[in-house]
Amino acid sequence: MTRAVTALLKDTTRDELWTGPVVDCDVHATPPSLEALFPYTDPVWVQGARERGWHGPNGQALAYPPGAPTTARDEWRPQGRPPASSLELLREHVLDPWRVDAAIVNTAYGVDSLRHPDWAPALARAVNDWLIAEWLDRDPRLVGSMVIPARDPAAAAAEIERVGGHPRIVQVTMPVRSERLYGQRVFWPVYDAITRHDLVMGLSWGGTTEDAPSPTGYASWYAEEYATEVQLYGAQLTSMVYEGIFQKFPGLRVTMLESGFAWVPTWSWSINKKWKGLRREIPWVDRLPTEIIRDHFRFSIAPADLGPAHHMRKIIEWLGSEDMLLFATDYPHLHTDDLATLLDVMPESMRPKVMSESARQWYRLDRALGTR
Amino acid sequence: MTAAKTRSQRFVVARVDEIPPGERRIVEAGGREIGVYNVGGRFYAMLNRCPHLAGPLCAGQVVNAVESSGPGDVRLEESRTYVTCPWHNWEFDIETGQSYWNPKLRARPLPVGVEDGAEIEAALARGDLARLPGPYRAEMVPVSVESDYVVLSLRPTRGGQS
């Protein structure tokens, strides 16, 4: 029997899957509408939206078409409002049934799809203040991942300065699709701000660029685009490792959200090998990329995108570390991985790390939640 | 192995001016291929066998170290020279043979030096120096007292590694 990783289905109990503590490192919070953000928005942009009849950035609908089955599990689609658009829904669907110690709320609202140099930062401020007021302040189990106007590193750094010191903000969400690879030096101000506030950089699915969504052109179908985006995670990881971001900012920690992780071992071997022969171009990379990845990256397990159990076991072994995976439901998105099998193929000592301990340490949750 | 071969671990490789600075010559001595390098007037020798997958190490480029303290800082360190294998471009320190990325992996450097013609003639007479054997006998190095010669030793500078 297959049990789903992301939902507690009718015939499955939480304790059947896991009796220990749970930290869900990826649940989503979607503003129900642009109007819901108006109380947190500078009046000039409230009026600007009304004048123009603008109803919000289109990035999220591009990344997650509202009707696509993967966008939300059926039982997580409420009547008359978007999925994951209220704290009550999150409690009912994830926080209570899973009895989480903590959950990290990601609000990828497609802020990057608004190109306006002043409005995009204002929209990011509104989303972050809404996240704090309507989610973090209302449930002691929640910590937040703030959004930034990722296209504009200076404005992004300014927003991290403004809100990154909030005790319950633990992460900065950046879309995996970007016009520039994140290893590039133009992003140093963002990483400077992230590391000074001891936050995590969270790369999440989606993003709107001037280029094609895949590294080599436009996919014909959503299914194709959905499946190939993993390449972008690989490209961003390679860029950040090779460009020396982790030598420049030794404290920088990155979580790959919704990236899967089955590709990580083989991708790591490949960039190890290229480094051995081509490292003279990038002399700041002074150790094996696999070591850098183990120290600076974590991967959420939703989706897991793994094959049969005997192959899953190999992939877990190939990761070469018990510390790299973080449990997530990726609420409300639909994934169909089998958590019971995934836990079963792991060494016993790895399971509590995946389910809560690694996230607790990575996100400094004791400090963040100690302020509740 | 003849007694003479086992005794003669040193070979005259070339007249000094035949391997000018920046040049390299691959020779065969004692049944092995050896690259002899002139780097800025100093001679180095390295077994022509990469310790990774046995590639022809000495056919690769000779480069200096590139130093960096972090992204944006790139400096050529001319005091350190690497031989790079043409198969995978791994770098091996020309003096120690050590691989850049895997210090446990070593190519095999060999001692090489410069001796004047008189010393060479005396050593040849004593039989503790050999001319290059092998298929290039016709090109065997003629020795004259007026010149200096590059002399290669097959006794490894470091023990136990082949």
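Colleague: Which residue in E11(B) is the bridge partner of Val12(B)?
Modeller: The bridge partner of Val12(B) in E11(B) is Val151(B). Before we go on, this is a predicted model, where local features need pLDDT of at least 70, side-chain atom pairs count only at pLDDT 80 or more, and totals for chains, interfaces and linings use all residues. Residues are numbered from 1 along each chain as its sequence is written, while chains are lettered from A and ligands numbered from 1 in the order in which they are written.

Colleague: Thanks! And how many bridges join E1(B) to E11(B)?
Modeller: Five bridges link E1 (residues 10-15) and E11 (residues 148-153) of chain B, and the two strands run antiparallel. Elements here are DSSP runs numbered from the N terminus: helices are H or I with at least four residues, strands are E with at least two. Two strands count as paired if DSSP finds at least two bridges between them.

Colleague: What is the strand order in that sheet?
Modeller: The order is E9-E11-E1-E10 in chain B, an open sheet of four strands with mixed pairing. E9 (112-116) and E10 (130-131) of chain B are the edge strands, each with a single partner strand, so one side of each has no neighbour in the sheet.

Colleague: Which helix packs on the sheet?
Modeller: Helix H2 (residues 117-126) of chain B does, touching E1, E9 and E11 of chain B. The direction of H2(B) makes about 100 degrees with that of E9(B). Angles run from 0 to 180 degrees between N-to-C directions, and axes are lines fitted to C-alpha atoms, for helices over the stretch in contact. Two residues are in contact if their C-beta atoms, placed from the backbone, lie within 7 Å.

Colleague: How many helices and strands are there in chain B?
Modeller: Chain B has two helices and eleven strands, and along the sequence they follow α-β-β-β-β-β-β-β-β-β-α-β-β. Of the 162 residues in chain B, 31% are buried. A residue is buried if 20 or more other C-beta atoms lie within 10 Å of its own, exposed if 12 or fewer, and partly exposed in between, with C-beta atoms placed from the backbone.

Colleague: On to the interface. How many residues of chain A are in contact with chain B?
Modeller: Twelve residues of chain A are in contact with eleven of chain B. H10 (245-248) and H11 of chain A are the elements that give two or more residues to the side of chain A that touches chain B. The largest share, three residues, comes from H11(A). That side of chain A divides into three nonpolar, three polar and six charged residues. For the classes, Ala, Val, Leu, Ile, Met, Phe, Trp, Tyr, Cys and Pro are nonpolar, Asp, Glu, Lys and Arg are charged, and the others, Gly among them, are polar.

Colleague: At what angle do H11(A) and H12(A) pack?
Modeller: About 130 degrees, for H11 (residues 264-278) and H12 (residues 289-296) of chain A, with axes 8 Å apart. That makes H11(A) oblique to H12(A); under 35 degrees counts as roughly parallel, over 145 as roughly antiparallel, 65 to 115 as roughly perpendicular and the rest as oblique. The contact is made by Ser268(A), Ile271(A), Asn272(A) and Trp275(A) of H11(A) with Pro289(A), Thr290(A) and Ile293(A) of H12(A). By class, this contact has four nonpolar, three polar and no charged residues.

Colleague: What do the buried residues of H6(A) pack against?
Modeller: They pack against H5 (119-134), E3 (142-147), E4 (169-175) and H7 (188-196) of chain A. The buried residues of H6(A) include Ala156(A), Glu159(A) and Ile160(A).
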